[in-house]
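This briefing is for a reader who has not seen the structure before. Please look it over, then read the notes below, which cover a helix pair, a pocket and a cavity.

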Amino acid sequence: MNTAGGDAATSTEDRQSGPEYFRTTIGGSAAPAALVTDLDGSLIATDTLWEGVVSIVRRAPARVGSLAGRLMTGRAAFKAEVAKYGAPDAAGLPYRADVLEYLRSERAKGRRIVLATAAHKTVADSVANHLGLFDEVFASTDQVNLKGAQKRDALVKRFGVKGFDYIGDSISDKAVWQACRVAHVVGSSASAGAAGAETGKRFGGPAAGARKFVRAIRMHQWVKNILVCVPTLLNHTVSWHILESLAIAFAGFSLVASGTYLFNDLLDLEADRGHPLKRRRPLPSGEMSIAEGAGLGLLLISSGLGLSLLAGLPLLVCLVAYLALTICYSTWIKSKPVLDVVALAVLYTLRVFAGGLVTGAYVSPWLFQFSIFLFLSLAFVKRYSELVGLRQYRRRPSERRSYTIRDMSIVGQAGLGSGLLACVVLALYVNGREVEKLYRHPEMLWSVCPLFAYWIIRVWLIAHRGNMREDPVLYAFHDRVSYIVGTLIAAAVVLGLMPNAQ
């Protein structure tokens, strides 16, 4: 297909009447009942304007202020600014397979296929060039927002009333449906029944119901927040007040973490769409809109911060620190080698520290050091597993990551070394004086060190073999051997606490 742009042929009539809208024509005259499709929400399961805004926030945050200024001058100017600095990669957009298949089948029958979108012409051209499917493209310009009645007028001028079929997805397409011959609808939120056109095909749209929201907030990740209970367990003191505080801390971290997952997904849209597993998440797949994701993220974060006030100011400070570090991680630290895994280790350790603050449980230097080295090792496991996946699937590293396959050796060595350092810290603690004060039989804890060493080395062995498909902390909660090791460690602790036989 020829490039849609300055080389496009425009009719004499259009040149005389002025540039009311952008139109690219490829080939000869239009055939009767051309098949026209909308782009955002119809051909693709996302909105390219929101995609562009997110891209600018990630790549050029300094331009966010100028975007607001452009919006004040009109939506067309705003779209032009977004397209100039944040046009999404057409190859990575989530196309609707059923709509695309229908367009291709109709083109094979000789029909003229047309793209008519309110997206800016830069974006429309990119999609048209990528697909090589369209004979003609209608799109917004720097002055005209081709939406609703304006899109209808442009299509009627080109094809005549009832001279085209139209695929749309929203209430803004009603004006176009009123002028088309056959109205095809994407999703269930829009209806062409009252538009006066013959109702055609209905294509699947975004998933309805709460399931997509549950998947998006990744509730299975909440198990990580059980770490707030560690200081209480090690101090052997439990009361209803402590349990209440721990429940609030757990819920607060869960809500805030889920909110940050959503914003991280927004920033990683392009990278996640190239990942064999992450591309199925609600945001990258288009199952959830960007607006829905951003709104839900804000709601979760504000709810978590508000809930933390029930446990006191210390928990709120910890959650604000967690949120600030997570934002820095998602926007900048994530692309910095080594610093990224240190940040992840701190985020895990902050949960432990917060658990001690809200309950008054003592967080010893031993626990702090053990946590840092352990979670540093597990963060390296995550990066190492990602590199193994790149090698297995022969994918290119994301621009949001600074590790390459050549780094696998050093990442593995640093990660396993950190895990063994955690084992050394544990051994020094078990043989220290603090244990003698807390346990009647401290010698029973000697078995904890080899058990932990076995577990951390096994985790790394699994990662090295390419079988660590998820976060190692989540893996531990689903791994039978991890439960066995945990049970043996718990048994050793119980035996150490047992009183002397009379």
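Which residues in H14 meet which residues in H15? On the H14 side they are Ile301, Gly304, Leu305 and Ser308, and on the H15 side Leu315, Leu316, Leu319, Val320 and Leu323. By class, this contact has seven nonpolar residues, two polar ones and no charged ones. The model is predicted.

**The helix pair**

- Two packed helices are described by the angle between their axes and the distance between the axes.
- H14 covers residues 290-308 and H15 covers residues 313-331.
- The two helices pack at an angle of about 155°, and their axes lie 8 Å apart.
- Angles over 145 degrees count as roughly antiparallel, and H14 and H15 are therefore roughly antiparallel to each other.
- The crossing in which H14 passes H15 is right-handed.

**The second largest pocket**

- Rolling a probe the size of a water molecule over the atoms shows where empty space is left.
- The second largest pocket holds about 1600 Å³ of space.
- Its lining is made up of 46 residues, and those nearest the centre of the pocket are Val230, Leu234, Phe370, Leu374 and Ile489.
- Helices that each supply at least two residues of this lining include H10 (230-235), H17 (365-393), H18 (408-430) and H19 (433-438).
- H20 (448-464), H21 (472-478) and H22 (480-497) also each supply at least two residues of the lining of this pocket.
- H22 provides the largest share of the lining, 10 residues.
- The lining of the second largest pocket divides into 37 nonpolar, seven polar and two charged residues.

**The cavity**

- There is one cavity of 30 Å³ or more in the structure.
- The volume of the largest cavity is about 70 Å³.
- Lining the largest cavity are Glu51, Val54, Ser55, Arg58, Gly86, Pro88, Leu266, Leu267, Asp268, Leu269 and Glu270.
- Helices H2 (48-59), H11 (240-267) and H12 (269-273) each give at least two residues to the lining of the largest cavity.
- With four residues, H2 gives the most to this lining.
- Five nonpolar, two polar and four charged residues make up the lining of the largest cavity.

How values were computed
Residues are numbered from 1 along each chain as its sequence is written. This is a predicted model: local features need pLDDT of at least 70, side-chain atom pairs count only at pLDDT 80 or more; totals for chains, interfaces and linings use all residues. Side-chain values use heavy atoms; hydrogens and water are left out. Axes are lines fitted to C-alpha atoms, for helices over the stretch in contact, and angles run from 0 to 180 degrees between N-to-C directions. Angles under 35 degrees count as roughly parallel, over 145 as roughly antiparallel, 65 to 115 as roughly perpendicular and the rest as oblique. A crossing is left-handed if the near helix is turned anticlockwise from the far one by less than a right angle, and right-handed if clockwise. Contact means heavy atoms within 4.5 Å. Ala, Val, Leu, Ile, Met, Phe, Trp, Tyr, Cys and Pro count as nonpolar, Asp, Glu, Lys and Arg as charged, and the others, Gly among them, as polar. On a 1 Å grid over the protein atoms alone, a cavity is a set of points where a 1.4 Å probe fits but cannot get out, and a pocket is an open set with protein on both sides within 12 Å along at least five of seven lines; lining residues have an atom within 4 Å of a point. Grid points are joined across faces, edges and corners, and a volume is the space filled by probe spheres set on the points.
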